[in-house]
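Please have the model open while reading.

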Amino acid sequence: MSLSSAIAIAQSAFSTTAQQTATVSKNIANSGNADYSRRMAMLGTTPGGAQIVSIYRAQNEALLKQNLISISQSSAQSSLLSGLEIMKSALGGNDYELAPSTYLSAFRNSLQTFASTPGNATIAATVVSDASDLANSISRTSAAVQDLRLDTDKKIAEDVANLNRLLAQFETANNAVRQATAAGTDATAALDDRDRILKQVSELVGISTVTRANNDTVIYTAGGTVLFETLPREVTFAPKSAYDATVTGNGIFIDGVPLAAGNGADTNAQGKLAGLLQLRDDIAPTFQTQLDEMARGLVSLFQEGGLPGLFTWSGGNVPAAGAVEAGIAAYLSVNPAAKSNPFLLRDGGFNGIVSNPGNNAGFTDLLDSFVAAMDGDMAFDSAAGLDGTSSIMEFAASSVGWFEQIRSGASTADDNKAALLARTQEALGSVTGVSIDEELSLLLDLEQSYKASAKLISTVDAMMASLLEAVR
């Protein structure tokens, strides 16, 4: 080997080591960045020594796709559970002390006590007060359900706008990847950016991807609709300004195709948007129907002469049996006449039909019939999702049980999906993430390479000095 060749090899080694060190340093600087994939300097042998051929980006398509699915599933479950927890809080928390069933039980007990002592004015007033609390509980819960639907609708509008923004960003990143790949230049930064956007998109809607020539990526929804192909598809949604039991929310459309809502406590939804649709259009309306059926049941059970008696509502009539009266829960109230004269509940007379014309203090026929009616079976609309025939007491208790079953199921599923997401992220990170220990170990190896190159230069320098000395 000539001295000039040795110098060239040493220079090549210095250049290669410098590039490798820069790559390792970049890895270490991004060790805490979940959207960064580890870089590795790939070496090749040339007549002038080893040189950096390319910068390789660590990746695993199978794990990335599984991670996107896990993100979508966890995001949908989390959004569903969040809404259910808001509703649970409105019902009083863990003990559901503010649920209509709690007030209904208190009202029935007061009514039973009144039937035992029908001449007691204080107990009569207590019964009417408990009836007012019951009516307020049902109407307040109805308002909370519709508030939840309205808030959910607003979140959908925000997330749709965010999805359109992300798709526009994805177009820019995808074009950068295609151009760099076609030109043979470094595309690692653009690939990182594109994967980061894909993760954010998957939080909003379930997706799958297909990679074509020049690393061009096409995005499909979990339902097979094209979300992005060269250009982003338009995602549209028209929010509502207000909600009540009679209002149906608008759908989300991707390139004109409706996005399907999730189903079940362990929802099959992928992405936050599908979970929010399920909450707004399925769970909340079903619970609203149950509230409407409770309100209808109370108006029917306490009617007098075919007209509302103790319990009334803005419609001013007794709804048809067995069929839901949409929105009645929001307007349920206690007849003002009962507040003025609580003994109307014992004697009758809300609508001019007096059952105790002699004002007998021991008269209990009406009170006993009301208690019996509350414990007897009546027909409920199947749209409520509960037994079609049961007592109003059982119906109210079943409503809380139905809600808690969904909430607890959603909570368990959320824990499971969050754990699965953590595992997939860990698996992906072990392949594409940065290990400080590995990078520091590589730096030590590079240090030894640098020392060897420096030693070679030192040796060549000494040989050149000796050669010059000999010539003199």
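The model is predicted. The protein exposes about 21,300 Å². Carbon and sulfur atoms supply 53% of that area. The chain has 472 residues, and 45% of them are buried. Its secondary structure comes to eleven helices and 13 strands. Among contacts between residues at least 6 apart in sequence, 66% join residues at least 24 apart.

**Aromatic pairs**

A pair of aromatic rings is described by the distance of the centres and the angle of the planes. The count for this protein comes to ten aromatic pairs. Two of them are set out here.

| Pair | Centre distance | Plane angle | Class |
|---|---|---|---|
| Phe287 and Trp402 | 6.3 Å | 15° | stacked |
| Phe302 and Phe370 | 4.7 Å | 35° | tilted |

Why is the pair of Phe287 and Trp402 stacked? Its planes stand at 15°, and planes under 30 degrees apart count as stacked. Phe287 lies in helix H6, residues 272–301. Trp402 lies in helix H10, residues 392–432. The pair therefore ties together parts that are 115 residues apart in sequence. Phe287 is buried, with a relative accessible area of 4%. Trp402 is buried too, with a relative accessible area of 15%.

The rings of Phe302 and Phe370 have their planes at 35°, so this pair is tilted. Their centres lie 4.7 Å apart. Phe302 sits in the loop between H6 and strand S10 (311–312). Phe370 belongs to helix H9, residues 365–375. Phe302 and Phe370 are both buried.

Which residues do ring pairs link into a cluster? They are Tyr96, Phe287, Trp402 and Phe403.

**Ser101**

Where is Ser101 placed? Helix H3, residues 100–116, holds this serine. Is Ser101 buried or exposed? Ser101 counts as buried because its relative accessibility is 18%, and the limit for buried is under 20%. Neighbours within four places in sequence are left aside for its contacts. Ser101 is then in contact with Ala396, Ala397 and Val400.

Notes
Residues are numbered from 1 along each chain as its sequence is written. This is a predicted model: local features need pLDDT of at least 70, side-chain atom pairs count only at pLDDT 80 or more; totals for chains, interfaces and linings use all residues. Side-chain values use heavy atoms; hydrogens and water are left out. Helices (H or I, at least four residues) and strands (E, at least two) are DSSP runs, numbered from the N terminus. Buried means under 20% relative accessible area, exposed over 50%, partly exposed in between (1.4 Å probe, protein chains only). Contact means heavy atoms within 4.5 Å. Accessible areas come from the Shrake-Rupley method with a 1.4 Å probe; for residues, only the protein chains shown count as cover. Rings of Phe, Tyr and Trp (its six-membered ring) pair if their centres lie within 6.5 Å; planes under 30 degrees apart count as stacked, over 60 as edge-to-face and the rest as tilted.
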